[in-house]
Amino acid sequence: MSEAAPLLRAEGLRVWFPIRSGLFQRTVGWVRAVDGVDLAVPAGQTLALVGESGCGKSTIGRALLRLVEPQAGSAWFEGVDLLKLDAEALHPYRRAMQIVFQDPLASLDPRMRVRDAIAEGMQSFGIGADERERTERVAALLKRVHLEPAQMWRYPHEFSGGQRQRICIARALAVEPDLLVADEPVSALDVSVQAQVLDLLEEIRRRLELAVLFITHDLRVAAQVCDEVAVMREGRVVEHGPASEVLVRPQHAYTQALVAAAPGRGFAFASQ
C-alpha cells in the first residue's frame, strides 16, 4: 500500500437506489449500488477503481462529490466529513474536487463557446480579477492540454472526441482542484486517441501534484495510469493494493478472473 497520506477517505459508504412498482410507485426493493465501501485516495497519486459495468464504481465517484447522496458512511477530505455539510458549506469543497465524465460531448453545453465553458467555474468561484484575466487563464489552460488558445472561440461540435475531452480536462483544472475524479475518461474515444489522453492526464497529475480517482473497466488502462488499484464487485471493494501486486498476483477469485480475461499478456505499469 502507498505510504502517502490520503487526501480523501471514504468509510462505510452506502448508496442504495429504490426499486419502485405499481400505481403508487411504492418501494419494493433496493439496488445496492455501493454497499459499505472503504476507500482512500492518496495525495498526489492515482487510485484506479476497476470492475465490470454496473458494479457501482461510477456511483462512488458521484457520491464522493455529492452528485448523488449516500444513505450512510463518511467521506473525509482534509479532516472534514463532506457528507455532513449543507450546500453552502460544501461549495468551497466543490472547487477542490472536480470530475471528468465519460462522454465529453454530453458534458459540454453545445450553445457555449469553449472559452465560456472553461471560464464558467472560474466565475462561480471568483477566480480571476475580471473577464480579461479569465480569458488569459483559459488560453493558458488550452495550451496545458495541448490545444491552441485561438480555439477557445469555437463550439464543441467543431472538435473531435479527443479534443473535446481535453477541453473537459481544461475545464476541470480551471478551478485549481486538489482531486480529479476521472470517470471512464477514455472509453468513449478511439483507441488511437486513448493513449494521448492518458499521457496528458499523467503529465498533468505529475506537474500539478493532483490526486486522481480513475474509474475504469479496463485493467490495462488502470495499470498504465495508477499507483494503486481497488477492485469492485457488486457494490463492494474486494481487493485493494499497489497495482503491480493486485494485477500480477491477485488474491481474490474475482480479481483473478478479471486478470485472466484481460486481452494480451502482461501489464505496462505506470511506474515502469
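Angles under 35 degrees count as roughly parallel, over 145 as roughly antiparallel, 65 to 115 as roughly perpendicular and the rest as oblique. Helix 4 and helix 6 are therefore roughly parallel to each other. The model is predicted: local features need pLDDT of at least 70 and side-chain atom pairs count only at pLDDT 80 or more, while totals for chains, interfaces and linings use all residues. Residues are numbered from 1 along each chain as its sequence is written, and side-chain values use heavy atoms, with hydrogens and water left out.

- Helix 4 spans residues 114-125; helices (H or I, at least four residues) and strands (E, at least two) are DSSP runs, numbered from the N terminus.
- Its buried residues are Val 114, Arg 115, Ala 117, Ile 118, Ala 119 and Met 122, where buried means under 20% relative accessible area, exposed over 50% and partly exposed in between (1.4 Å probe, protein chains only).
- An α-helix has 3.6 residues a turn, so residues three or four places apart point the same way.
- The buried residues of helix 4 pack against helix 5 (131-144) and helix 6 (161-173).
- The axes of helix 4 and helix 6 are 7 Å apart, and the packing angle is about 30°; axes are lines fitted to C-alpha atoms, for helices over the stretch in contact, and angles run from 0 to 180 degrees between N-to-C directions.
- Val 114, Ala 117 and Ile 118 of helix 4 make this contact with Ile 167, Ala 170 and Arg 171 of helix 6, contact meaning heavy atoms within 4.5 Å.
- Gly 126, with a positive phi near 70°, follows helix 4.

**Nonpolar cores**

- The largest nonpolar core has 56 residues, of which Ile 118, Ile 169, Phe 214, Leu 219, Leu 247 and Phe 267 touch the most other members.
- Apart from that core lies another, of 33 residues, including Ala 33, Leu 82, Ala 96 and Met 232.
- A nonpolar core is a set of buried Ala, Val, Leu, Ile, Met, Phe, Trp, Tyr and Cys residues joined through side-chain atoms within 4.5 Å.

**Aromatic pairs and charges over rings**

- Two aromatic pairs are found in a search of the whole structure; rings of Phe, Tyr and Trp (its six-membered ring) pair if their centres lie within 6.5 Å, and planes under 30 degrees apart count as stacked, over 60 as edge-to-face and the rest as tilted.
- Trp 16 and Trp 30 form a tilted pair, 6.3 Å centre to centre with 50° between the planes.
- Trp 16 lies in strand 1 (residues 6-21) and Trp 30 in strand 2 (residues 26-42), so this pair ties together parts 14 residues apart in sequence.
- Trp 16 counts as buried at 17% relative accessibility, whereas Trp 30, at 46%, counts as partly exposed.
- The ring centres of Phe 77 and Tyr 93 are 6.0 Å apart and their planes are at 85°, so the pair is edge-to-face.
- Phe 77 in strand 4 (residues 72-77) and Tyr 93 in helix 2 (residues 87-96) are 16 residues apart, and their pair links distant parts of the chain.
- Both Phe 77 and Tyr 93 are buried.
- The charged end of Arg 14 sits over the ring of Trp 16, 4.6 Å from its centre; this requires NZ of Lys or CZ of Arg within 6 Å of the ring centre and within 35 degrees of the ring normal.

**Individual residues**

- Ser 107 lies in helix 3 (residues 104-107) and is buried, with a relative accessible area of 17%.
- Beyond its neighbours within four places in sequence, Ser 107 is in contact with Phe 101, Cys 168 and Arg 171.
- Glu 148 is in the loop between helix 5 and helix 6 and counts as exposed at 52% relative accessibility.
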